[in-house]
Amino acid sequence: MCLKAILSLYSTIELFVNRLDSVESVLPYEYTVFDFCSENTMKRPSENLGQVLFGERIEPSPYKEDKNIRWASRWDYILESMPHTNIQWFSIMNSLVIVLFLSGMVAMIMLRTLHKDIARYNQMDSVEDAQEEFGWKLVHGDVFRPPRKGMLLSVFLGSGTQIFIMTFVTLFFACLGFLSPANRGALMTCAVVLWVLLGTPAGYVAARLYKSFGGEKWKTNVLLTALLCPGVVFADFFVMNLILWGEGSSAAMPFGTLVAILALWFCISVPLTFIGAYFGFKKAGIEHPVRTNQIPRQIPEQSFYTKPFPGIIMGGILPFGCIFIQLFFILNSIWSHQMYYMFGFLFLVFIILVITCSEATILLCYFHLCAEDYHWQWRSFLTSGFTAVYFLVYAIHYFFSKLQITGLASTILYFGYTMIMALIFFLFTGTIGFFACFWFVTKIYSVVKVD
């Protein structure tokens with residue numbers, strides 16, 4: 001009786017088909033746009049927000065039975081096409097080697113060099129040594145001087161905090177299995193909803209830092225936090241959507257969905273950003289362990305390796321080295337129609353990336369402070385944020401070496417969406433580097449005796 005009931009359930013299984021695309025184009029089309037079998041009597045299923053954003057239009061199709069494939073083996077052809085996990089473990093081991101190397105360097109600085117510096121500086125104060133200060137203590141009166149363009153930096157850090165929390169929660173849920181690849185669009189839907197709801201941390205962080213930088217234009221700060229970075233992403237996405245509309249692609253977002261996203265942005269995210277900014281400005285500014293001098297100290301001539309641009313370029317290499325193998329599989333899942341299901345590996349790489357960005361930026365920050373260059377705020381943000389430039393270069397290499405895309409519309413779409421990903425990655429990694437350096441600088445100057 002049970003077997004008969006199961007067979008009756010199998011006989012009523014509905015078969016659906018999704019978009020059609022090609023290796024020569026990133027423009028997806030609906031299944032029924034060509035002369036294939038279509039079933040007009042069946043009701044079309046509703047899609048979630050993630051499916052609409054990716055153009056995953058689901059169409060009903062007549063059920064076709066293949067007697068050569070057993071029910072228990074129906075997924076084998078998909079699993080066999082997946083890349084093996086050996087390369088994933090190689091990627092993890094490669095990243096761990098980099099992390100161990102950086103951790104050893106940071107530990108050596110923190111436990112030996114920095115400890116000796118602090119002991120020497122404090123001993124000089126205790127015996128009232130008349131010798132002139134040297135090293136990173138020499139800039140204690142300027143290290144917390146507000147940076148130039150502090151408004152823009154605080155806005156970037158607020159948006160970066162929003163992206164960081166969104167990425168962490170999304171990957172954590174995916175790692176636990178709540179966002180299965182079989183549920184199309186679930187990952188994107190979760191990310192968009194989280195971004196909308198995380199306006200409060202963005203507004204709070206941007207307002208608190210801007211107040212610590214001595215800023216007074218709080219209205220401009222709140223508006224830029226709520227509108228600048230999301231506005232750039234939306235403008236890019238809207239242009240890409242116009243191209244999809246013009247090409248008649250199924251990935252073109254309907255006008256109603258576009259209005260719904262704008263409503264989520266302006267009716268939920270923006271008010272939450274204002275609430276976070278209110279509490280951020282209401283709270284007292286961040287207290288620094290040392291006072292800032294009224295007259296800025298002149299920065300001595302720097303060597304080539306301690307100049308800002310070479311340090312920023314070098315700082316992004318190691319974080320990118322931790323993720324480039326995983327990045328290949330992610331780009332394959334987006335552009336080469338391969339299913340991505342290894343979220344456990346991705347979450348581990350995410351943690352390694354956070355550690356690597358933090359340690360690489362702290363190392364370079366220490367070297368620059370020893371060279372008496374106290375402009376660390378923007379440099380720490382750009383050092384780890386430069387990883388996004390390497391990501392962009394790799395995406396260009398991937399386009400020319402792995403894809404067979406032809407046509408102007410597909411090329412514009414590829415690079416348009418790549419620029420969105422690069423901007424998000426820039427804010428994400430830059431925020432990690434800044435807060436790591438902020439903790440480091442606050443820590444070392446809080447344990448040194450300063451007159």
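Predicted model: local features only at pLDDT ≥ 70, side-chain atom pairs only at ≥ 80, totals over all residues.
Local features need pLDDT of at least 70 and side-chain atom pairs count only at pLDDT 80 or more, while totals for chains, interfaces and linings use all residues. Residues are numbered from 1 along each chain as its sequence is written, and side-chain values use heavy atoms, with hydrogens and water left out.

Four cavities of 30 Å³ or more are found in a search of the whole structure. A cavity is a set of points on a 1 Å grid over the protein atoms alone where a 1.4 Å probe fits but cannot get out, and its lining residues have an atom within 4 Å of a point. Grid points are joined across faces, edges and corners, and the volume is the space filled by probe spheres set on the points.

| Cavity | Volume |
|---|---|
| Largest | about 90 Å³ |

The lining of the largest cavity consists of F144, R145, P146, P147, L209, S212, F213, H288, W376, Q377, F434 and F438. Two or more of these residues come from each of α7 (199-212) and α15 (408-446); helices are DSSP runs (H or I, at least four residues) numbered from the N terminus. By class, eight lining residues are nonpolar, three polar and one charged. Here Ala, Val, Leu, Ile, Met, Phe, Trp, Tyr, Cys and Pro count as nonpolar, Asp, Glu, Lys and Arg as charged, and the others, Gly among them, as polar.

Around the second largest cavity lie T361, L364, C365, H368, W376, R379, S380, T383 and C437. Both α12 (343-370) and α13 (377-385) supply at least two residues of this lining, and α12 gives the most, with four residues. The lining of the second largest cavity holds four nonpolar, four polar and one charged residue.

Note on methods:
1 Å grid on protein atoms, 1.4 Å probe; cavity = no way out; pocket = protein on both sides within 12 Å on 5 of 7 lines; lining within 4 Å.
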